[in-house]
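Hi there,

Here is the structure I promised to pass on to you. Please have a look at it first, and then read my notes below.

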Amino acid sequence: IKKIPTTFTSTAHYYSSFVAPLVEETHADLLSAMSRLSRAPSYQLHSIESETNYRAPTDFSYKIVLRKPGNQTDVVTYKPQAGDLAALTDVKPTCISDLNRPKMPYILAYVQSVDDGKLSVRSSKPIMIEQDMQRNKHIDLFFVFLINLTTNVRIWNALHPNPILADLPIINKVIQTNDEKECAVCLSENDSVMIPSIKSYNLNDSQEAAITSCIKTWRCNHQNGHVKLIWGPPGTGKTKTVGLLLLVLLRMKCRTITCAPTLIAVMELASRVMRLVSGTLEYETYGLGDIVLFGSSERMGMDDHENLLPVFLDYRVEMLNKCFSPSTGWNASLSSMIDLLEDPRGQYGRYVTHRELGINQDEMDDPLSLEGFIKKRFFQYNEQLKFCVVNLSTHLPTARISLQVVTDMMVALDLLRSIKTLLNRYDYGDERLSTATKTCLPVLESLARSFRVPEYIHKFMIKTLCLDNAYLLFCTASSSSKLHTERTQELDLLVIDEAAQLKECESTIPFQLPGLRQVVLVGDERQLPAMIRSKISGEAEFGRSMFERLVLLGKKKHLFNVQYRMHPAISSFPNKEFYDGLIMDAPMVKHRSHEKDFLHGNMYGAYSFINIAYGKEQFGHLLSKMNMVEVAVVCSIVGILFK
């Protein structure tokens with residue numbers, strides 16, 4: 001394994017430099033998993049059979065079903081998913097030697113997909129006991145989870161791109177050593193850039209300059225492939241400023257994808273943007289359809305993040321699928337409501353005829369009177385329309401539903417609400433009810449002419465519609481690979497938050513998205529880099545970020561130079577040691593009220609370095625290190641702080 005260089009002779013040289021360290025790092029991940037076998041989640045196999053595409057000796061494909069877990073606590077939180085690598089063995093292993101039993105050495109199985117509890121897997125060798133299990137012979141076979149390879153496989157694929165993606169302008173920019181110059185044409189034109197006002201957000205000069213610079217570069221049509229670095233040390237308002245940048249880009253209809261190394265970072269930034277956007281929407285939730293957050297619902301813990309559901313792709317697809325339903329969706333419900341209000345007696349007559357002929361089994365309950373029929377049908381269609389209006393206005397991109405249509409929908413709901421109130425108070429035939437109906441019908445008929453939803457029969461079509469028409473997308477760098485197959489429209493701009501914590505090879509995944517004209521890397525290379533398990537890969541600079549490499553080459557980075565978090569007595573040390581004294585303290589942290597003094601004693605100043613002289617490191621149950629003397633000291637300090 002060779003050390004990854006800082007400069008490259010070609011795109012082929014660039015991609016190939018990461019391949020061997022990636023394989024070695026995968027080996028290290030697997031070794032780490034093997035050392036924790038006794039606590040690895042495991043299931044017994046219920047059944048196994050060969051897939052139709054089974055082709056020995058090159059493709060050992062099987063369909064397996066796992067037994068439901070009993071009271072095993074280790075599998076309660078684990079559910080098999082695509083990309084999992086597992087060991088198939090005839091015993092539940094407690095150590096590595098259990099895998100290499102003479103009776104049946106272990107077999108590696110890679111999960112390709114999971115569908116309704118059935119796992120499609122490819123194995124490293126043929127599973128010889130398959131026929132015995134099919135004959136219901138009692139044979140124990142365990143599925144032991146080792147690691148998930150999804151991200152590593154995506155990186156591997158990005159490092160072996162098809163020729164079209166290999167020489168994208170944005171990739172060529174990052175393998176060159178020369179820094180980018182400002183566009184001469186744009187400099188000669190009016191220097192002021194018309195962007196939506198951000199004055200009310202109290203940005204400092206360095207934050208405002210960063211946003212303006214990014215917008216100027218995006219609006220430049222004379223050069224492509226710009227890569228900007230924004231340097232955000234701790235407490236300097238990095239997340240706030242990136243959130244405002246994304247808000248401005250959304251208002252300017254710039255098709256932007258925002259990535260980060262982890263789901264936590266992605267969701268934090270998406271939450272901030274949601275808070276910013278919610279205060280600027282023209283009509284309730286209209287406009288949220290232009291924002292999409294996507295990823296694994298379980299891994300993201302969406303049940304605990306209801307504030308993000310209005311922009312979460314899987315939830316959006318489910319809601320729109322109901323709105324697009326041919327029987328109970330927007331088109332059908334609107335048409336049915338118009339028919340009911342136009343000719344209630346005619347609709348009632350059809351209901352009676354259907355009952356007599358037994359055509360519709362749903363209508364075979366106790367017969368309804370004319371008034372009872374009208375009320376039941378009205379309330380049913382009204383609820384369906386309310387559901388559709390709320391979800392269409394929230395989840396459809398603005399390119400597919402105009403503000404005028406949403407306004408008309410709200411007017412229609414108000415008129416239907418009035419009719420519902422009158423139906424509950426007065427008999428059918430009351431003049432007030434007739435007047436309200438005559439007022440409402442033209443609005444509904446106008447909506448029927450001006451707006452219809454597509455009646456898609458497949459959810460993937462709805463997903464494509466949402467992704468293609470969104471202006472702001474959020475996902476991890478790894479998950480951005482899905483856009484190669486699930487989005488057909490090109491993107492303009494890529495923003496990577498926490499870019500200094502993202503391995504450069506993983507950055508190549510979003511960098512290959514078609515159409516990108518500009519990339520903004522936001523991070524701080526002075527903080528911890530990505531975690532690398534393999535010492536060999538670490539020494540080869542496999543954990544180095546693109547942000548750090550470009551800084552090493554002398555690329556200019558835009559610094560946020562005011563910190564708002566720490567008292568000056570705390571900030572002075574990291575500022576001097578790591579940031580060359582470039583960071584200024586905001587007035588708010590210099591104020592007396594920012595001082596906190598909870599612990600008494602000379603050793604406790606604004607910050608303390610406490611040496612524990614008699615501690616001893618030992619290994620915990622997951623082979624992680626711990627020091628019980630340090631633990632005791634920390635517990636004591638926290639206890640005092642709590643009191």
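The side chains of Lys79 and Glu298 meet in a salt bridge, with N and O 3.6 Å apart; by salt bridge I mean a side-chain nitrogen of Lys or Arg within 4 Å of a carboxyl oxygen of Asp or Glu. Glu298 belongs to helix 11 (residues 297-300), while Lys79 sits in the loop between helix 2 (73-76) and strand 3, so the pair ties together parts that are 219 residues apart in sequence. By the salt-bridge rule the count comes to 17.

Before going on, a word on the model: it is predicted, so local features need pLDDT of at least 70 and side-chain atom pairs count only at pLDDT 80 or more, whereas totals for chains, interfaces and linings use all residues. Residues are numbered from 1 along each chain as its sequence is written, and side-chain values use heavy atoms, with hydrogens and water left out.

**Domains**

The chain is divided into domain 1 (36-157), domain 2 (162-314 + 471-559) and domain 3 (327-450), with bounds from an automatic or database domain assignment. Six residues from domain 1 and 10 residues from domain 2 take part in the contact (heavy atoms within 4.5 Å). Domain 1 and domain 2 bury about 650 Å² between them, 49% of it on carbon and sulfur atoms; this is the accessible area (1.4 Å probe) that the two parts lose on being put together, summed over both. Across this interface the rule finds one salt bridge. It also finds three residue pairs in polar contact, both residues at pLDDT 80 or more (N or O atoms within 3.5 Å; within protein, one must be able to donate a hydrogen and the other to accept it, and residues adjacent in sequence count only if both atoms are side-chain atoms).

**The barrel**

Six strands close into a barrel in the order 1-2-5-4-3-6, with antiparallel pairing. Helices (H or I, at least four residues) and strands (E, at least two) are DSSP runs, numbered from the N terminus, and two strands pair if DSSP finds at least two bridges between them. Strand 2 (residues 60-66) and strand 5 (residues 118-123) pair over six bridges in the antiparallel sense, and Ser61 has Arg122 in strand 5 as its bridge partner. Helix 1 (residues 11-34) packs on the sheet, touching strand 3 (84-89) and strand 6 (142-148), and its direction makes about 135° with that of strand 6. Axes are lines fitted to C-alpha atoms, for helices over the stretch in contact, and angles run from 0 to 180 degrees between N-to-C directions.

Seven strands form an open sheet in the order 9-10-8-11-12-7-13, with parallel pairing. Strand 9 (291-293) and strand 13 (557-559) stand at the edges with a single partner strand each, so one side of each is left without a neighbour in the sheet. The twist averages 20° from one strand to the next.

Happy browsing!
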